[in-house]
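Here are my notes for your next look at this model.

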Amino acid sequence: MSEFKYRLEDRCTLPCSMVCQNCPEYMYSFETLRETWTRASREEGKHCYERIKYYFNHSFDRHLKEMIFVVAYDLDHNAGIFLDYKGYTFFREKIDKAAEMTKNLPDVEPVKLSRKTPQIMRVFKTLKDFVIFNDQLRQKNRSIARQRHINGVHTLQRINEVIEQKSPLFLAFNVKFFEQDSTKILQIGYVVFSLESEQDGENYHLFLVKENVPLLNNNTQLESYDVSLFRSAEVARLTDIISKLQENVSHVDFLITHSTSSEDIRSFLKSQGLQEEHKEIIDTLTLHSALFPDSRKNNSIEDILMKLEIPCEIRKLQNAGYNAFYIMKIFLSLLKQDYCEYPKL
């Protein structure tokens, strides 16, 4: 895992905030670390819990001055404060010492950051500054969640309007890129379906981009990929894959993806020379927000599949065709949910 160009010893020379040019792809959510380790101390006993509370109210102010944070968005589109691995180990060491627990602190997995918006390196001079900034991020996330819910409601209404007029065709698709160079496409998967003719798991299309196949073995997303998942894939040049995708796009009413905005989808299609003819685009994360407005975290495709109790072998999501298939399953499951209004915040 890569680390910052600027290290802690350079901290005093940094401005209050600046764009992080070489942030790691995966980082640790400060809020998740705080919640996880506070919960662990509470389970250990009152003594440990009181020491953790004291640490955050007093000692943390001193350690805060030795840490470099990153403000960024995760793949749930939530703004947050993150640490790289070195910051994570530094913070863990301080918490472990403060809590005096008999058990080791639980491990916390890093999360992938969105590359759609710049990551900002941030330093805080006082605990008060940190608390105020954290509260501002929470308010921002509430606003993002509310707007996503509103967009989801509009999407749901539009789907129902079209369904009342005809039996629409849908195309769910997924694209996987090379981690080290997002301009290189490795896989394209899609499935075409209607509400009357739901496809099964074998009727998806998976294409491997011929000119980039050698990169599959070097992709960090696929470090332990199962070769058997790609035996049914068709290997073709990107231009030929796009031509086949264009044929299907031209005949459907809606395009469906997960956790990708309409603007980003249209931009991608345009960059590949695809004519989407102003097709309506559905983001299953946004649609999920219309029906589950209180679900603001853990909204990856894996998380939503589990919430909706859709059986899935998670390892298969390495395959863009399976990904498209499960996006379809999520979409169909969401259409069966009871509509619920957004709760007051």
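1. From helix α2, the residues C48, R51, I52, Y55, F56, F60 and H63 meet F90, F91, K94, I95, K97, A98 and A99 of helix α3, where contact means heavy atoms within 4.5 Å. Of the residues in this contact, ten are nonpolar, three charged and one polar; here Ala, Val, Leu, Ile, Met, Phe, Trp, Tyr, Cys and Pro count as nonpolar, Asp, Glu, Lys and Arg as charged, and the others, Gly among them, as polar.

2. A word on provenance: this is a predicted model, in which local features need pLDDT of at least 70 and side-chain atom pairs count only at pLDDT 80 or more, while totals for chains, interfaces and linings use all residues. Residues are numbered from 1 along each chain as its sequence is written, and side-chain values use heavy atoms, with hydrogens and water left out.

3. Now the geometry of that helix pair. Helix α2 (residues 46-64) packs against helix α3 (residues 85-99) at an angle of about 135°, and their axes lie 9 Å apart. Helices here are DSSP runs of H or I with at least four residues, and strands are E runs of at least two, numbered from the N terminus. Axes are lines fitted to C-alpha atoms, for helices over the stretch in contact, and angles run from 0 to 180 degrees between N-to-C directions.

4. Strands count as paired if DSSP finds at least two bridges between them.

5. β3 is also joined to strand β4 (residues 79-83), by four bridges and again antiparallel. Y73 stands opposite A79 in β4. The two strands form a hairpin with five residues between them, and H77 in the turn has a positive phi of about 70°.

6. Please also look at the open sheet of six strands, ordered β10-β9-β8-β7-β11-β12 with mixed pairing. Its edge strands, each pairing on one side only, are β10 (234-236) and β12 (280-283). Neighbouring strands are turned by 30° against each other on average, direction ignored.

7. Within this sheet, three bridges join strand β9 (residues 205-209) to β10 in parallel, with E234 in β10 as the bridge partner of F207. Helix α6 (residues 262-271) packs on the sheet and touches β7 (169-178), β8 (181-194), β11 (254-257) and β12; the direction of α6 makes about 125° with that of β12.
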